[in-house]
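User: I have a model open and I'd like to learn how to read its features one by one. Can you walk me through it?

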Amino acid sequence: MKESEIIRSLFGKTPPPEDDCYFLAPNRLVTTDSLSEGTHFLHEWSSPAVLAGKLVEVNVSDITASGGVPKECFLNLGLSPHSRQKKWVQTFSKAFRKSLLHYGMKLAGGDTFSSPTTQLTLTVVGTVTKPWLRSGGKPGDYLYVTGDLGQSQLGYQCLKNNWKDRRYQDAIQRHLMPKSRQVLQTPLSRYRIHACMDITDGLIQDAERLALASKGKLKIQVESIPLHPFAVEKLGLDVCLGSGEELELLFLSPQILPNEIHSIPVTMIGQLDAGKPGVQFSKAGIPYIPSERGFLHFAEEE
C-alpha cells in the first residue's frame with residue numbers, strides 16, 4: 001500500500017489532516033516525528049549527539065512551518081543493545097538538553113522502552129497566533145522556497161557510497177543535521193503567508209501536497225529553483241528536485257518578498273493558479289516531467 005492509503009485507512013471516513021501540525025484552538029500546535037534506525041539513520045553514520053539534535057530540529061521545523069514557536073515536548077526512547085549503553089545515553093541526553101535550551105523548550109515527559117533497534121520519537125507542543133495551513137493558498141499567490149535544495153541527498157549518497165572528498169563535508173552535515181528555519185518565524189509573520197509547509201520528502205512530492213491542500217495548480221519554473229550547484233553537478237537535476245529532509249520552507253504569499261530575510265535566501269519559484277490540483281514543472285517554457293519522485297517509504301506496488 002502507498003503511505004497515503006495507509007494513513008487514510010487509519011482515519012476511516014474522516015478526512016486525514018493535511019498540515020504539519022494539529023491546531024488546538026485557540027493557540028496551540030502539536031506535532032510528532034520519529035527517527036528509526038535503518039530507515040532514517042545508521043549508528044555508524046550518526047552519533048548520539050547528532051541524533052538528538054536532528055530529532056529536535058525535524059519537529060521544530062514542523063512547528064515553524066505552521067507559523068508557531070515550540071514550547072514543550074515529550075520524548076519516547078526505544079533503546080537497543082547499542083543505544084542503551086551508558087555512554088550513548090549520556091551523550092544523547094547532553095546534546096538533547098542543549099538543543100532544547102537553544103529553542104527555549106521544556107521536556108514535559110515521555111516513555112523509555114527496550115527495542116531491538118533504536119527508535120526515537122518526539123512530540124512537540126507550540127504556540128501560534130494564526131496558524132499557517134497548507135490549505136490556505138489562493139489563485140495568484142506566489143510560491144517561495146527558502147535556502148537551497150539538493151545537499152541533503154548529496155550528503156546521503158556520500159555516506160552510502162563512502163565518498164571521502166572534503167568538498168562533501170557540507171552536504172554530509174546537511175543530511176545528518178538539517179536545521180529548522182525557526183529563525184524566520186517572526187520576520188515571515190510580518191508578511192501575508194497564506195499556506196506553508198517544510199520540505200521533508202523533496203520538492204516534487206511536497207509541492208504536490210501543498211497544491212492538493214490548497215486546491216490549485218502550482219506552476220513551477222525549474223530554472224528558478226535554488227538548487228545547490230555542486231549537488232546538481234554530482235547527482236543531476238531530478239535527484240535534487242526530490243531531495244528530502246531539507247527542512248526548507250515552501251510557502252505561498254500574495255506579496256513580493258525580499259530575496260533575503262534574516263540573511264537566508266528566499267526565492268520565488270512559481271505561482272498558484274486555479275485549475276485541477278497538482279504541480280506542473282516547466283523548463284525553458286516547456287512542460288518538464290521529473291524522472292523520479294524522491295524517497296518513498298512504501299513501494300507503489302505493495
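Predicted model: local features only at pLDDT ≥ 70, side-chain atom pairs only at ≥ 80, totals over all residues.

User: Let's begin with sheets. In what order do the five strands of the open sheet lie, and what is the pairing?

Analyst: The general idea is that strands of a sheet pair through backbone hydrogen bonds, either parallel or antiparallel. Here the order across the open sheet is E1-E2-E5-E3-E4, with mixed pairing. At the edges you'll find E1 (22–24) and E4 (106–114), each of which pairs on one side only. From one strand to the next, the twist averages 20°.

User: How many bridges link E3 and E4, and is their pairing parallel or antiparallel?

Analyst: E3 (residues 69–79) pairs with E4 over eight bridges, in the parallel sense. To find one of them on screen, pick Gly78, whose bridge partner in E4 is Phe113.

User: Now single residues. Is Thr31 buried or exposed?

Analyst: Look at relative accessibility: under 20% is buried, over 50% is exposed. Thr31 has 5%, so it counts as buried. You'll find Thr31 in E2 (residues 28–36). Its side chain makes a polar contact of 3.1 Å with the side chain of Asp62. Beyond its neighbours within four places in sequence, Thr31 is in contact with residues including Asn59, Ile63 and Leu122.

User: What about Asn59: buried or exposed?

Analyst: Asn59 has a relative accessible area of 0%, so it is buried. Asn59 belongs to H2, and not counting residues up to four places away in sequence, it touches Thr31, Thr32, Asp33, Leu122 and Val124.

User: And Asn259: buried or exposed?

Analyst: Asn259 counts as exposed because its relative accessibility is 66%. It's in the loop between E9 (249–253) and E10 (260–261). Apart from neighbours within four places in sequence, Asn259 is in contact with Ile264, Pro265 and Val266. From Pro48, Asn259 is 211 residues away in sequence and 36 Å away in space, C-alpha to C-alpha.

User: Last one: which strands pair with E11?

Analyst: E6 (residues 142–146) runs antiparallel to E11 (residues 264–273), joined by five bridges, among them Tyr142 with Gln271. E8 (residues 217–221) also pairs with E11 in the antiparallel sense, over four bridges, and Ile220 has Gly270 as its bridge partner there. E10 and E11 are antiparallel as well, with two bridges, and Ile261 partners Ile264. The hairpin of E10 and E11 has two residues between the strands, and His262 takes a positive phi near 55°.

Key
Residues numbered from 1 in each chain as written. Heavy atoms only, no water. Buried < 20%, exposed > 50% of the residue type's maximum accessible area, 1.4 Å probe, protein only. Polar contact = N/O pair within 3.5 Å; in protein donor to acceptor, adjacent residues only side chain to side chain. Contact = heavy atoms within 4.5 Å. Pairing = 2+ DSSP bridges. Axes fitted to C-alpha atoms, helices over the stretch in contact; angles between N-to-C directions.
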